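Take a look at the chain below. Then read on for a short tour of its packing.

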Amino acid sequence: MEHTLTQRAWTMLLRKLVTVLTLALVAAGTVRAELLIRITEGADAAVPIAVVPFAESGNIPAGDKLSTVVRSDLAMSGEFSPLPAEKMLSLPSKREEVFFRDWRLLGQRYVLVGELTRKGDRVSARYELFDVNTEERLLGETAAAPASNLRSLAHHVSDKVYEAITGVPGAFSTKLAYVTLDKFNGKPRYRLQVSDVDGKRARIRLESQEPILSPAWSPDGKKLAYVSFETGKPVIFIHELASGKRTKAADFPGLNSAPAWSEDGRSLLMTLSKDGNAEIYRMDLATKNLTKVTNHWAIDTEASWDHTGDGLFFTSDRSGGPQIYYKESERASPRRITFGSRYNARPRPDNSGKFVYYVHQRDRAFHIARTNLKTGEETILTRTESDESPSVSPNGRMLIYATKQGADSVLTVISADGGAAYSLPASEGDVREPAWGPLVR
């Protein structure tokens, strides 16, 4: 009887979540494919950097300038404060034109200069990064891309500049997956979309009148796993982005939810209730063989591998309410990680093994929090009150989550310590379920 009640409660909870989400999204209006950018808060300790508008040779395509995209990328990280171009005293494009004294007077720590050159259908970017105080060149490279793909070239430059200064790979060339919803002919229209990390170049990958939930990236960035209700029940699909080919990964009786890829891309963690209770399983994608990872009368769900690929975090209500638990391996006994409130769910660890991020309830509000896995210290990172679905950037330096800003549902990106933020609202309508893609070299 206890298993039946637990399963019934879990099913009702999932149906209620989908219903509330649908009503909220439909009421919001019509979604346009591309997200906007709205910087909401800067970091006090952001490093001043001057990204000088690049010189241009040849017929450079119109649109956003490469230096503008780089400036925006660095600002979004929360770690840099780019100098507006109109405040610059000169516009050098190479070292001999850089007068470091001028940049020191402007309070700049770094200066990036460069030139774009077009030959045929390709554009080359020659760029140099300097430490203003030491007058040392930290980076000097040339990169090229098709003339139609200058935005990717700009994100590449941002990644290189970020890594040269911080020692950590940049994540500006990675992708976001998310779900939007509008109302079409009086019916809800869910769309699974993929965009750049700044919300640009969004593409619709799946459209359905039924809910789409929990997109998860394969480690090579070529596939998405997600939950779709298009058959009238939750089913886990795997979607090859290049070809559009879709296959059912899990279509068992009851729940099929919360997919999470293994580090090698050969298996998926998932929540199934095929045997009567919501438990976590691992599926070998080649053989479809299942390994039961949890076995408890409570609800176990939302599993995510740790940075080693051996241990996993998950949500369970075995202590009386949703809390985060950790298993050092599939066969290890779970131990509870969170204690700060009655509700902590949807764990997402970083890539260093230092922190785990999650949704935390306090005083009827839902925030994004993190726990230091070594000290157990919990920190609430967000000031908004309806936060959900955290996803950590692959370099561990940023975090994206869904929240509300007034009547708008938006995606918000914060630095991993919560010190800076920018939002990606849809121009109209609602956006949910963000997933940050992997670093792909």
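This is a predicted model: local features need pLDDT of at least 70, side-chain atom pairs count only at pLDDT 80 or more; totals for chains, interfaces and linings use all residues.

Residues are numbered from 1 along each chain as its sequence is written, and side-chain values use heavy atoms, with hydrogens and water left out.

**The whole chain**

The chain has 4 helices and 31 strands. Both are DSSP runs numbered from the N terminus: helices are H or I with at least four residues, strands are E with at least two. Of the 441 residues, 52% count as buried. Buried means under 20% relative accessible area, exposed over 50%, and partly exposed in between (1.4 Å probe, protein chains only). Contact means heavy atoms within 4.5 Å. Among contacts between residues at least 6 apart in sequence, 45% join residues at least 24 apart.

**The cores**

A nonpolar core is a set of buried Ala, Val, Leu, Ile, Met, Phe, Trp, Tyr and Cys residues joined through side-chain atoms within 4.5 Å. The largest one holds 44 residues, and Leu66, Leu74, Leu112 and Val161 touch the most other members. Helix α4 gives the largest share, 7 residues. Why does this core lie between domain 1 and domain 2? Both domain 1 (38–166) and domain 2 (175–436) give residues to this core, so it lies between them. The domain bounds come from an automatic or database domain assignment. A second, separate core has 16 residues, including Ala225, Trp261, Leu268 and Met283.

| Helix | Residues | Contact residues, among them |
|---|---|---|
| α2 | 66–76 | Leu66, Val69, Val70 |
| α4 | 150–166 | Leu150, Val157, Val161 |

The axes of α2 and α4 come within 9 Å and cross at roughly 45°. Axes are lines fitted to C-alpha atoms, for helices over the stretch in contact, and angles run from 0 to 180 degrees between N-to-C directions. The two helices are therefore oblique to each other. Angles under 35 degrees count as roughly parallel, over 145 as roughly antiparallel, 65 to 115 as roughly perpendicular and the rest as oblique.

Leu74 of α2 is part of this contact.

Leu138 lies in strand β7 (residues 136–146). Is Leu138 buried or partly exposed? At 30% relative accessibility, Leu138 counts as partly exposed. Its contacts, leaving aside neighbours within four places in sequence, are Tyr110, Leu129, Phe130 and Asp131.
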